[in-house]
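Dear colleague,

My notes on it follow directly after.

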Amino acid sequence: MGDEQVAAPSRQRRISQRGIATRERILEAANRLMFVRGVNATTLDDVREASQTSKSQLYHHFADKQELVRALVKYRGALVLQRERGGLERLRSFSGLVRWRNALVQANSLNNGRYGCGLGSMAVELSDQDEQARSTLLETFAAWEKLISEGLHRMRDSGALRRTPARRSWQRG
């Protein structure tokens, strides 16, 4: 075999439907708490109480707070991208752009503007603490940016946006 090494097959533990539901309940509770309080001000005991799980259930799914936070970054990112895909993948007109913007503003106004952007707040809080979480947030923001860019390109291609030569800016078509 030479210098090649044979890796042992990875053992993935199977999670029951009940286990999946418990993990989801923990993530939902952590998401609500950490959105309002922030990551650093939320303890695992807070999450355990809000998710109505035992310590053994919590630690069965997440070894520590860092692992929970990393999973939450992915979870919240997936929620945001799912929401954004709905409006941005159909974006082809200026009125569609306005509707998308209004939906973002309305979603933020539900809390009277408190707590800011769920992803942005996490990025500010975690960027200096956890490289893996920061990297996942960066990937999520890049995917969001790509959705916006693709929508604007569709608008340009359909004539809804056109470039003005004198100002080198974009205007409504």
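**The second largest pocket**

Helix α5 gives the largest share of the lining of the second largest pocket, namely 6 residues. Helices here are DSSP runs of H or I with at least four residues, strands are runs of E with at least two, and both are numbered from the N terminus. Please note that this is a predicted model, in which local features need pLDDT of at least 70 and side-chain atom pairs count only at pLDDT 80 or more, while totals for chains, interfaces and linings use all residues. Residues are numbered from 1 along each chain as its sequence is written, and side-chain values use heavy atoms, with hydrogens and water left out.

The volume of this second largest pocket is about 230 Å³. Its lining has 14 residues, of which G86, G87, R90, R99 and W100 are the closest to the centre. (A pocket is an open set of points on a 1 Å grid over the protein atoms alone, where a 1.4 Å probe fits, with protein on both sides within 12 Å along at least five of seven lines; lining residues have an atom within 4 Å of a point. The volume is the space filled by probe spheres set on the points, which are joined across faces, edges and corners.) Both α4 and α5 (94–109) supply at least two residues each to this lining. By type, the lining residues are 5 nonpolar, 4 polar and 5 charged (Ala, Val, Leu, Ile, Met, Phe, Trp, Tyr, Cys and Pro count as nonpolar, Asp, Glu, Lys and Arg as charged, and the others, Gly among them, as polar).

**Residue D130**

D130 is found in the loop that lies between α6 (118–126) and α7 (131–158). Is D130 buried or exposed? D130 counts as buried because its relative accessibility is 6% (buried is under 20% relative accessible area, exposed over 50%, and partly exposed in between, with a 1.4 Å probe and protein chains only). Apart from neighbours within four places in sequence, D130 is in contact with Q66 and R70, where contact means heavy atoms within 4.5 Å.

**The protein as a whole**

The protein contains 7 helices and 2 strands, and their pattern along the sequence is α-α-α-α-α-α-α-β-β. Of its 173 residues, 29% are buried. Among contacts between residues at least 6 apart in sequence, 64% join residues at least 24 apart.

Yours sincerely
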